[in-house]
Amino acid sequence: DALEKDGDWALKRRTDGKIAKTVKARELWDRIAWAAWICADPGTQYDTTINEWHTCPEDGRINASNPCSEYMHLDDTACNLASLNLGEFFTPDGRFNLEDFRHAVRLWTILLEISVLMASFPSRAIAQKSFVFRTLGLGYANLGTILMRQGIPYDSPKALAICGAITAILTGESYATSAEMAAELGPFEGYARNREHMLGVIRNHRRAAYNAPSEEYEGLTVKPQGIQPQHCPPDLLLAARRAWDRALELGTAYGFRNAQTTVIAPTGTIGLVMDCDTT
């Protein structure tokens, strides 16, 4: 807002909250953008947007992320990560094997839920909150490779639509699996007090899969980019929408076993072990 109004920005001291200095918002933003670009590490977090997509605001706000910035949740929580190599799900003739991908997402969501019980944590507080919220971190790697193999430019509308659909399938199927586990084991401990907030987040995800009009989103200052159907392969688009239909239907009925299920990690190290061409 300050940028759009060409306004000033107050730099406040962490110690007492008083203003140390006032600068032009645009000048500061230019310096942030330059610093992110020059070191190839855009570590800028949009605090308002992050908290508007927060599944558990009744337990506090999200203040920060882990160092790689893929995991954002309450302070003193942790999630175990696992990434699927997307290159393994593309056939030689360029088709995406949806059934295998859905099966892998379901299997690894269950495995990561089991890992909550088996993990070691660095402090008692982190252990306790990890059991209460049971956050998981299923993601993927090698997206760049599957686009290059098909001759699709990385930042093209078609690439964005494919990326959006695959990500929607991953997250929708994972939340649906979490709801299935909740039906058997009960939802995570903090679910009841956050139920309406979490279902609102799920509904907003579903709206993005259907590329809904901006006025339909709940409680969002910045509306997300929905999947553009004219650029998306029909089978991926249908699978993305069905995944979120299931996530919302099952979640409404049973709740969710996990406060979060997916992240997109940089995979800089494990990508090498997984023989990925791109992270």
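## Contacts and overall form

In this predicted model, residues 24 or more positions apart account for 68% of the contacts (heavy atoms within 4.5 Å) in the chain with a separation of 6 or more. The secondary structure comes to 9 helices and 4 strands, where helices (H or I, at least four residues) and strands (E, at least two) are DSSP runs numbered from the N terminus. From the N terminus on, these elements run β-β-α-α-β-α-α-β-α-α-α-α-α. The radius of gyration, taken over C-alpha atoms, is 20 Å, close to the 19 Å that the globule rule gives for 279 residues, so the chain is as compact as a globular protein of that length; the rule is 2.2 Å times the number of residues to the power 0.38. Along its principal axes, the C-alpha trace spans about 55 × 45 × 40 Å.

Residues are numbered from 1 along each chain as its sequence is written. Because the model is predicted, local features need pLDDT of at least 70 and side-chain atom pairs count only at pLDDT 80 or more, whereas totals for chains, interfaces and linings use all residues, and side-chain values use heavy atoms, with hydrogens and water left out.

## Burial and surface

Of the 279 residues, 43% count as buried, where buried means under 20% relative accessible area, exposed over 50%, and partly exposed in between (1.4 Å probe, protein chains only). The chain exposes about 15,400 Å², of which carbon and sulfur atoms supply 55%; these areas come from the Shrake-Rupley method with a 1.4 Å probe.

## Helix α7

Helix α7, residues 191-209, bends by about 35° at His197, the bend being the angle between axes fitted to the seven residues ending there and the seven starting there. Its buried residues include Tyr191, Asn194, Met198, Leu199, Gly200 and Arg207, and what covers the buried residues of α7 includes α6 (157-185) and α8 (234-254). The helix is followed by Asn211, whose phi is positive, near 55°.

Thr145, found in helix α5 (residues 143-149), counts as buried at 4% relative accessibility. Leaving aside neighbours within four places in sequence, Thr145 is in contact with Asp277 and Thr278.

Asp6, in the segment before β1 (8-12), has a positive phi near 50° although it is a residue other than glycine, and at 36% relative accessibility Asp6 counts as partly exposed. Asp275, in the segment after α9 (270-273), has a positive phi of about 60° although it is not a glycine, and Asp275 is exposed, with a relative accessible area of 63%.
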